[in-house]
Amino acid sequence: MIEIIVVVAIGTYLTRLLPLLLKDKLNLESWSEWLSYSSTALISALFVTSFVSFPINPRDLTIGLISLTVVYASYAKSKNLGISIIFGVLAYYLLSIV
């Protein structure tokens, strides 16, 4: 699992670093959309691979779904993504130790 996180972190870092290093050779305006989509794709891949593992453990899946619901509900209430993520992590932790 840690390998996946490292690969995604390197990929995300490189998609942001390489255009800065090669800014003289690249037309950054045409690359901005590609960078936006590639970063979103990498983050989505990390989310999917960390959320679902095989074989599927129903307990872990339930904890994850409840935690995501807490994140969504707290974001809908506060409109603050940072606070929502903290609530989701706290919910995940509390449900994991029960």
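1. R59 is partly exposed in this predicted model. Its relative accessibility is 40%. The residue falls in the middle class because exposed requires over 50% and buried under 20%. D60 is also partly exposed, with a relative accessible area of 38%.

2. R59 and D60 form a salt bridge. Their closest N and O atoms are 4.0 Å apart. The count of salt bridges comes to one. The cut-off is 4 Å, a point to keep in mind when reading the 4.0 Å figure for this pair.

3. The start of α3 has a further feature. A side-chain oxygen of N57 comes to within 3.1 Å of the backbone nitrogen of R59.

4. Helix α3 spans residues 58–78, 21 residues in total. From first C-alpha to last, α3 reaches 30 Å. That is close to the 30 Å expected at 1.5 Å a residue. K79 follows α3 and has a positive phi, near 60°.

5. Which residues of α3 are buried? They are I63, G64, S67 and S74. These residues sit on the same side of α3, because they cover an arc of only 100° around the axis. On the other side, P58, T69 and Y72 are exposed.

6. S74 is one of the buried residues of α3, and its side chain makes a polar contact of 3.4 Å with the side chain of S84. S84 belongs to helix α4, residues 81–97.

7. Is S84 buried or exposed? S84 is buried, with a relative accessible area of 0%. Setting aside neighbours within four places in sequence, S84 is in contact with V71, S74, Y75 and S78.

8. Now the chain as a whole. The protein chain has four helices and zero strands. Along the sequence the pattern reads α-α-α-α. Of contacts with a separation of 6 or more, 46% are between residues 24 or more positions apart.

9. Last, the surface. Buried residues make up 13% of the 98 residues in the protein chain. The chain exposes about 7,600 Å². Carbon and sulfur atoms supply 73% of that area.

How values were computed. Residues numbered from 1 in each chain as written. Predicted model: local features only at pLDDT ≥ 70, side-chain atom pairs only at ≥ 80, totals over all residues. Heavy atoms only, no water. Helix = DSSP H or I, 4+ residues; strand = E, 2+ residues; numbered from the N terminus. Buried < 20%, exposed > 50% of the residue type's maximum accessible area, 1.4 Å probe, protein only. Polar contact = N/O pair within 3.5 Å; in protein donor to acceptor, adjacent residues only side chain to side chain. Contact = heavy atoms within 4.5 Å. Expected span 1.5 Å × (residues − 1). Arc of directions from axis to C-beta. Salt bridge = Lys/Arg side-chain N within 4 Å of Asp/Glu carboxyl O. Areas by Shrake-Rupley, 256 points an atom, 1.4 Å probe, with all protein chains shown as cover.
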